[in-house]
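Dear colleague,

Please find below the structure that I am handing over to you. My notes on what was found in it follow.

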Amino acid sequence: MTVPRRRKPHIKTISLALQGGGAHGAFTWGVLDRLLEEERLEIEAITGASAGAVNAVVVAEGLAEGGRARARAQLQEFWSAVSRALSLSPLSGALWQNFLPPWLRGLNPAMTAFDMFSKIASPYDFNPTDYNPLRDIVEKEVDFRLVHVCTTMKLFVSATNVETGRLKVFSGNEVTLDAVMASACLPTLYKAVEIDGVSYWDGGYTGNPALHDLIKGTEGSDLMVVQINPDRRAEVPRAAGDILSRLNEITFNASLVRDLQAVAFVNKALAKGGLSGLGYRTVHLHRIGGGATFEMLRNYSKFDGNWSFLTQLRDAGYAETDLWLREHFDAVGQSATFEPGSDAWRD
């Protein structure tokens, strides 16, 4: 039996909330790479949806197998496998760019055609065998037996109950291959994932990522959101593709905005002496991402497996996290560095 190790007094702890977003999750890879490199900080728990859930189980497996160094190497190996698979996909934006004239480089013919096709055809029709290359990658790259014996970090994976439309959070030994695939199940591409007789779709619809269970199930006061869907756009989109991309971003940010506003409400109530005796505690919120890195990206780039694109996102995540640590490490355990309702979240 693995005995949980005691944290050294000078090491701070933080929990992470990882958004989903397909290939854009490579940015989160960079964030995790830098945090795992930081010996003064330990990750107490991760809650994730879709790509965030996948990153989370890869880290858990690596930590259980060989600590921080192994977790970082495991992330590299996993995203290399993703690149090999996605780069051959007809939905990959990179695959089409060489065949388009310069004035059409912002388009992806395959994604445009598939978006139209998915409105009249179901994956139960065009994908009857429910082939999902991501499932093959996760099954090959992640040993869930190791995930389940990871004692240094808790896991929470969100999915959406198709029947009720409600959030389902898997934790502990419930975090299986099926749970992760449920969390990443886009209903226009794949059949719903059935677990114990219940069908699930992508967790991003109801918890992207879910915060409540993570806060309830941890002891630390600090929560960092890694946001890979832009929260703001400087201009109103006018092109059809841009409109659909913005609708996608708003949809997949909605649950996060709701949860962060709830945390902010509780924090303010506690500061005024309210909610005493009800088991609530102040949560110091922090955030990385959500801004400039993603503002120039289109929705179709979530299917882009080009290695240079993925490593650019990784490097951006690493750099942004490194900057955050240099500027805000002392705030961990003391105060928030991000407040919902500030300029980044104003109406």
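**Backbone and aromatic rings**

Pro209 is located in the loop between strand E6 (198–202) and helix H9 (212–216); helices (H or I, at least four residues) and strands (E, at least two) are DSSP runs, numbered from the N terminus. The peptide bond that joins Asn208 to Pro209 is cis, with omega near -5 degrees.

The model is predicted, so local features need pLDDT of at least 70 and side-chain atom pairs count only at pLDDT 80 or more, whereas totals for chains, interfaces and linings use all residues. Residues are numbered from 1 along each chain as its sequence is written, and side-chain values use heavy atoms, with hydrogens and water left out.

Ser50 is not a glycine, yet its phi is positive, at about 55 degrees. Ser50 belongs to the loop between strand E2 (41–49) and helix H2 (51–86). Is Ser50 buried or exposed? With a relative accessible area of 11%, Ser50 is buried, a term that means under 20% relative accessible area, with exposed over 50% and partly exposed in between (1.4 Å probe, protein chains only).

Rings of Phe, Tyr and Trp (its six-membered ring) pair if their centres lie within 6.5 Å; planes under 30 degrees apart count as stacked, over 60 as edge-to-face and the rest as tilted. By this rule there are six aromatic pairs. Among them, Phe78 and Trp79 are edge-to-face, 5.9 Å centre to centre with 90 degrees between the planes. Phe78 is buried at 2% relative accessibility, and Trp79 is buried at 3%.

Yours sincerely
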